[in-house]
Amino acid sequence: MADILSRTNVFSNNFYHQYHRVRPWASVSGDNKSVHVSFKSLVGRSSSTSSSFSNFDGGKVVTGRPNARKSAAGACSSQMSIGLKKVQGWWEKGLKTNMKEVQGPNDLVESLSNAGDQLVVVAFFSPGCGGCRALHPKICQLAEMNPDVQFLQVNYEEHKSMCYSLGVHVLPFFRFYRGAHGRLCSFSCTNATIKKFKDALAKHSPDRCSLGPTKGLEEKELVALAANKDLSFTYKPKTERPLEKILTAPVSASAINSYPPLPLPRPLKSEIKETDNKTLTTSGRL
């Protein structure tokens with residue numbers, strides 16, 4: 001019987017301590033200093049060794065060195081910063097030193113005007129265009145093979161208003177510019193018709209010397225960009241007087257008298273001989 005009772009106490013104690021954490025509270029009362037011990041059940045507390053008891057009835061309190069907690073927080077923040085890193089777009093991969101993305105109309109006009117006699121290829125693309133994405137590696141390869149040619153990329157999604165003013169309505173689209181000649185050609189091609197781009201590059205890439213200033217965009221394109229209210233671009237049109245107005249303008253008498261007299265025309269040799277003969281015949285009859 002004693003053996004059975006001892007086993008029962010052991011089982012009950014293990015069961016109670018497994019599901020009920022107890023904490024003794026001692027109080028001393030009376031002259032005999034008798035000790036009354038009471039137990040407070042802490043149901044649901046974690047049995048982890050890293051927890052400590054407190055008067056707060058909330059969750060577990062983690063103990064440890066403050067430096068360790070700081071290092072763990074730093075590791076978490078570094079992992080978050082790595083995860084939030086900007087993903088590079090396909091149009092930003094494989095770019096060469098002679099390739100540049102245009103930031104706006106002012107950047108486009110300045111890049112064309114500062115190119116001088118250098119051939120400039122303006123490529124209009126869109127990140128969501130499958131043909132543009134398939135053609136991009138070959139354009140980068142051609143840019144590497146032609147280091148003297150400047151390639152300017154215009155993102156259609158970021159500069160829709162500018163592309164509309166320039167008359168670009170199909171992608172991928174290319175325009176070639178050079179020196180005083182201005183725009184040489186413009187066309188659209190895909191990966192299947194890349195020969196069109198190669199032929200234009202071979203035709204206009206040889207070195208040339210322009211006699212006039214660099215033209216860049218056409219006059220009507222500059223006026224269209226300046227008239228677009230969505231763009232912060234200003235342009236003053238050239239005020240040249242048409243030739244018809246100059247010819248039909250009235251001329252005053254004072255202006256006519258101020259001009260020097262025109263030289264009289266010299267007589268022809270045949271006229272001089274005829275006069276000589278007449279004088280001779282008349283002189284012989286006399």
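1. A disulfide is a pair of cysteine sulfur atoms within 2.5 Å. By that rule the count here is 0 disulfides. Cysteine 189 is in none; the nearest cysteine sulfur, that of cysteine 132, is 9.7 Å away. Cysteine 189 has 1% relative accessibility, so it counts as buried. Buried means under 20% relative accessible area, exposed over 50%, and partly exposed in between, with a 1.4 Å probe and protein chains only.

2. A word on the basis. This is a predicted model: local features need pLDDT of at least 70, side-chain atom pairs count only at pLDDT 80 or more, and totals for chains, interfaces and linings use all residues. Residues are numbered from 1 along each chain as its sequence is written, and side-chain values use heavy atoms, with hydrogens and water left out.

3. Now the sheet. It is open, has 5 strands in the order 3-5-4-6-7, and its pairing is mixed. Strands (E, at least two residues) and helices (H or I, at least four) are DSSP runs, numbered from the N terminus. Two strands pair if DSSP finds at least two bridges between them. Strand 3 and strand 7 (182-188) are the edges, and each pairs on one side only. From one strand to the next, the twist averages 20°.

4. Look at strand 6 and strand 7. They pair in the antiparallel sense over 6 bridges. Arginine 178 has glycine 182, in strand 7, as its bridge partner. Tyrosine 177 stands opposite arginine 183 in strand 7. The hairpin of these two strands has 3 residues between them, and glycine 179 takes a positive phi near 45° there.

5. Which strands does helix 6 touch? Helix 6 (residues 194-204) packs on the sheet and touches strand 4, strand 5 (150-155), strand 6 and strand 7. Contact means heavy atoms within 4.5 Å. The direction of helix 6 makes about 165° with that of strand 7. Axes are lines fitted to C-alpha atoms, for helices over the stretch in contact, and angles run from 0 to 180 degrees between N-to-C directions.

6. Check the peptide bond between leucine 171 and proline 172. It is cis, with omega about -10°. Proline 172 lies in the loop between helix 5 (160-165) and strand 6 (173-178).

7. Next, the rings. There are 9 aromatic pairs. Rings of Phe, Tyr and Trp (its six-membered ring) pair if their centres lie within 6.5 Å; planes under 30 degrees apart count as stacked, over 60 as edge-to-face, and the rest as tilted. Tryptophan 90 and phenylalanine 125 form an edge-to-face pair, 5.9 Å centre to centre, with 70° between the planes. Tryptophan 90 is in the loop between helix 2 (66-83) and strand 3 (99-101), and phenylalanine 125 is in strand 4 (residues 120-125), so the pair ties together parts 35 residues apart in sequence. Both tryptophan 90 and phenylalanine 125 are buried. Phe174, Phe176, Phe187 and Phe197 form one aromatic cluster.

8. Last, the cores. A nonpolar core is a set of buried Ala, Val, Leu, Ile, Met, Phe, Trp, Tyr and Cys residues joined through side-chain atoms within 4.5 Å. The largest has 20 residues; Leu108, Leu112, Val122, Phe124, Leu166 and Leu217 touch the most other members. Strand 4 gives the most to this core, with 3 residues. Apart from it lies another core, of 19 residues, including Ala123, Phe151, Phe176 and Ala200.
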